[in-house]
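Biologist: I would like to learn how to read the packing of helices in a model. Please start with the general idea and then turn to the case at hand.

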Amino acid sequence: MITARYKWEIGALRKGFAIHRKTLRVTKLVPIVAIFVMGWGAYEAITAEHSWTEDLPLLFFGALLLFGARPLAFWQFRRAVRRSPSYGSEMTYTFDPEQIVISGEGHHSTFTWKKLYSATVSHEGVLLYTQKILFHWVPATAFASPSDIATVRGYLEQNGVRTRN
């Protein structure tokens, strides 16, 4: 049985959210769309008969999309974490070969490994997806030793959970 404990706050959760964002299609699509919009604006500014300043909104929107999407996502994340009733409470994850038990201030849940949609295991921690985009993050610092993460990875493989690395 493996136990992981950490305080549920922005610093502990930020890396898990960053890893989660890398798996989202929209995260990969936004830069492509932004570059396309900026290219379209630049093309129109160069080839059009009108003043090039009329195409500045396209260039501005593309740059805003390219450079503003990530900070906006992290701002929303921080805001949601701070508003959560679990903010600041200690979370405890208990892993054994049959189930996962999650407990914290005011809640307790138990589910079997078979109920996991997928998981992502990295040296920074473990993302446990209970649905396609709903996840639990357990940072590496919550575990007593690095070998505990390897044990959890073994439980995932043993129970047939789809795992990304």
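Modeller: Take helix α2 (residues 25-47) and α3, which pack at an angle of about 160° with their axes 7 Å apart. Axes here are lines fitted to C-alpha atoms, for helices over the stretch in contact, and angles run from 0 to 180 degrees between N-to-C directions. Helices are DSSP runs (H or I, at least four residues), numbered from the N terminus. In general, two packed helices are described by the angle between their axes and the distance between the axes.

Biologist: What kind of model is this, and how are its residues numbered?

Modeller: The model is predicted: local features need pLDDT of at least 70, side-chain atom pairs count only at pLDDT 80 or more, and totals for chains, interfaces and linings use all residues. Residues are numbered from 1 along each chain as its sequence is written, and side-chain values use heavy atoms, with hydrogens and water left out.

Biologist: Is α2 roughly parallel or roughly antiparallel to α3?

Modeller: With an angle of about 160° between them, α2 is roughly antiparallel to α3. The cut-offs are under 35 degrees for roughly parallel, over 145 for roughly antiparallel, 65 to 115 for roughly perpendicular, and oblique for the rest.

Biologist: Is the crossing of α2 and α3 left-handed or right-handed?

Modeller: α2 passes α3 in a left-handed crossing. Left-handed says that the near helix is turned anticlockwise from the far one by less than a right angle, and right-handed that it is turned clockwise.

Biologist: Which residues of α2 and α3 meet?

Modeller: Contact (heavy atoms within 4.5 Å) joins residues of α2, including Val30, Pro31, Val37, Trp40 and Gly41, with residues of α3, among them Leu58, Phe61, Gly62, Leu66 and Ala69. By class, this contact of α2 with α3 has 15 nonpolar, two polar and no charged residues. Ala, Val, Leu, Ile, Met, Phe, Trp, Tyr, Cys and Pro count as nonpolar, Asp, Glu, Lys and Arg as charged, and the others, Gly among them, as polar.

Biologist: At what angle do α1 and α3 pack?

Modeller: Helix α1 (residues 10-23) and α3 pack at about 135°, with their axes 11 Å apart. That angle makes α1 oblique to α3, and the crossing of the pair is right-handed.

Biologist: Which residues make the contact of α1 with α3?

Modeller: α1 brings Ile10, Leu13, Arg14, Phe17, Ala18 and Arg21, while α3 brings Arg70, Ala73, Phe74, Phe77, Arg78, Val81 and Arg82. The contact of α1 with α3 divides into eight nonpolar, no polar and five charged residues.

Notes: Helices (H or I, at least four residues) and strands (E, at least two) are DSSP runs, numbered from the N terminus.
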